[in-house]
Amino acid sequence: MINNWVNDWRKANPKWQGNEDTEGAMDPLSTSVNMSGTKPDILWAPHQVDRFVVCDSELSLYHVESTVNSELKAGSLRLSEDSAATLLSINSDTPYMKCVAWYLNYDPECLLAVGQANGRVVLTSLGQDHNSKFKDLIGKEFVPKHARQCNTLAWNPLDSNWLAAGLDKHRADFSVLIWDICSKYTPDIVPMEKVKLSAGETETTLLVTKPLYELGQNDACLSLCWLPRDQKLLLAGMHRNLAIFDLRNTSQKMFVNTKAVQGVTVDPYFHDRVASFYEGQVAIWDLRKFEKPVLTLTEQPKPLTKVAWCPTRTGLLATLTRDSNIIRLYDMQHTPTPIGDETEPTIIERSVQPCDNYIASFAWHPTSQNRMIVVTPNRTMSDFTVFERISLAWSPITSLMWACGRHLYECTEEENDNSLEKDIATKMRLRALSRYGLDTEQVWRNHILAGNEDPQLKSLWYTLHYILCVVNFVR
């Protein structure tokens, strides 16, 4: 039924074309992705940190295992020298996928929302327990008044039953719809006819047609992100502006005109800092000064396809351009707060190359520090860790210290090391600590303060003591 409905709609709209350039990372934990054509995308499970999903024409759930002390199992895919992935399940019940978002609540853990080319949002699962009290949600569909592509999805992080969907423009409809997935049965929720699933089975579902909120009339929405500081604030990348909608007063909105409306995402460690992109440029915004970007990052001539903040590291932003095997990293950890309009924050740039092939997409791990997984267009995956820059410090006491990530390492020489006896700097420090040379009453004792190991030094201080005694006697 769905396939026929989409085909009929396409025949009635011959000028319609899917937008292949509206993809982007949707939150720092990578619980939602936007897809372009059949190019695969990837996202980690928010509460099962050893599982991730690869999305293209179908949803594939993988389990990651360590292979440090074990051999690679039959059927497993090698991700790195220390890890491998095993395919757990495949879901091909939702055709025409354009975006996917993983449900943020603990139960059910494998519930996903899928946005389709016809604008519908379908709830589906990967290995969901059919005895769960939420089993009635599986197969539920949320349908806009007018069919057009669903570009992006975003679950509310606090009110986990709210799901925001961003759609293409329609002159007589809204482009931002907020659904309550647990909405009660009303006249606006009518039973569908039986839908034919890929496995040949039939199942009765519910069609929800009335959203909680309708926003952004006569405009297109390309990206969405809930603001963590307030569950009622929704940041939307519209066609020509970034808009902040306050659900307590939907008639008003705060917006700024810009082309950088794709892939809006909030820094998990600084909730007033937002990143978005357009073509080859990334815009960094401060929501407290929303008139213009505080920083613009110029990428390669190729257009960007994804940006994402690292969820385990402060101020680390990763970006990916089309047809590239390099991920660029921008370290804004030491960015000062702008004082005047002419002040620009400073950043540290570097690049990592996790594989030799072009990268279709990447996803930060939600808990493992600086860990990332990438997928290529042919579904080859790599698991790797972005190593921090190593800062060295050599102290005056000959100890060496360096920082790597959240760890500090120190290297010191052993006290019984013979090199210490030969090192004059060490001898000078130890003698200074024992107040060497400051005993003016009994000058001869200074050789004891020096360690009483050098006969020449002992002779020197006794000679000085004798000279001082003679001088005092003459006086």
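This is a predicted model: local features need pLDDT of at least 70, side-chain atom pairs count only at pLDDT 80 or more; totals for chains, interfaces and linings use all residues.
Trp444 forms an aromatic pair with Tyr462. The two rings are stacked, with 5.8 Å from centre to centre and 25° between the planes. Trp444 belongs to the loop between helix 3 (424-433) and helix 4 (446-449), while Tyr462 belongs to helix 5, so the pair ties together parts that lie 18 residues apart in sequence. Tyr462 is also partly exposed, because its relative accessibility is 38%. The structure holds ten aromatic pairs. Elsewhere, Trp44, Phe52 and Tyr62 make up one aromatic cluster.

Helix 5 covers residues 455-474 and includes Phe473. Phe473 counts as exposed because its relative accessibility is 74%. Phe473 is one of the residues of a nonpolar surface patch, together with Leu460, Leu464, Tyr466, Ile467, Val470, Val471 and Val474. The accessible area of this patch is about 810 Å² in total.

The relative accessibilities given for single residues are collected here.

| Residue | Relative accessibility | Class |
|---|---|---|
| Tyr462 | 38% | partly exposed |
| Phe473 | 74% | exposed |
| Asn370 | 2% | buried |
| Arg379 | 22% | partly exposed |

Asn370 is not a glycine, yet its phi is positive, near 60°. Asn370 lies in the loop between strand 31 (361-364) and strand 32 (371-375). With a relative accessible area of 2%, Asn370 is buried. Arg379, likewise a residue other than glycine, has a positive phi of about 75°. Its loop runs between strand 32 and strand 33 (381-385). Arg379 is partly exposed, because its relative accessibility is 22% and the limit for buried is under 20%.

Confidence comes last. The protein chain has an average pLDDT of 81, and 82% of the residues score at least 70. Over residues 1-28 the pLDDT is below 50, and this stretch has 66 contacts in the model beyond near neighbours in sequence. Residues 185-204 also stay under 50 in pLDDT. For residues 185-204 the model has 33 contacts beyond four places in sequence.

Technical notes
Residues are numbered from 1 along each chain as its sequence is written. Side-chain values use heavy atoms; hydrogens and water are left out. Patches are made of residues with over 30% relative accessible area and no salt bridge: like charges are joined within 9 Å, nonpolar side chains (Val, Leu, Ile, Met, Phe, Trp, Tyr) within 5 Å. Accessible areas come from the Shrake-Rupley method with a 1.4 Å probe; for residues, only the protein chains shown count as cover. A salt bridge is a side-chain nitrogen of Lys or Arg within 4 Å of a carboxyl oxygen of Asp or Glu. Helices (H or I, at least four residues) and strands (E, at least two) are DSSP runs, numbered from the N terminus. Buried means under 20% relative accessible area, exposed over 50%, partly exposed in between (1.4 Å probe, protein chains only). pLDDT is the predictor's confidence in each residue, from 0 to 100. Contact means heavy atoms within 4.5 Å. Rings of Phe, Tyr and Trp (its six-membered ring) pair if their centres lie within 6.5 Å; planes under 30 degrees apart count as stacked, over 60 as edge-to-face and the rest as tilted.
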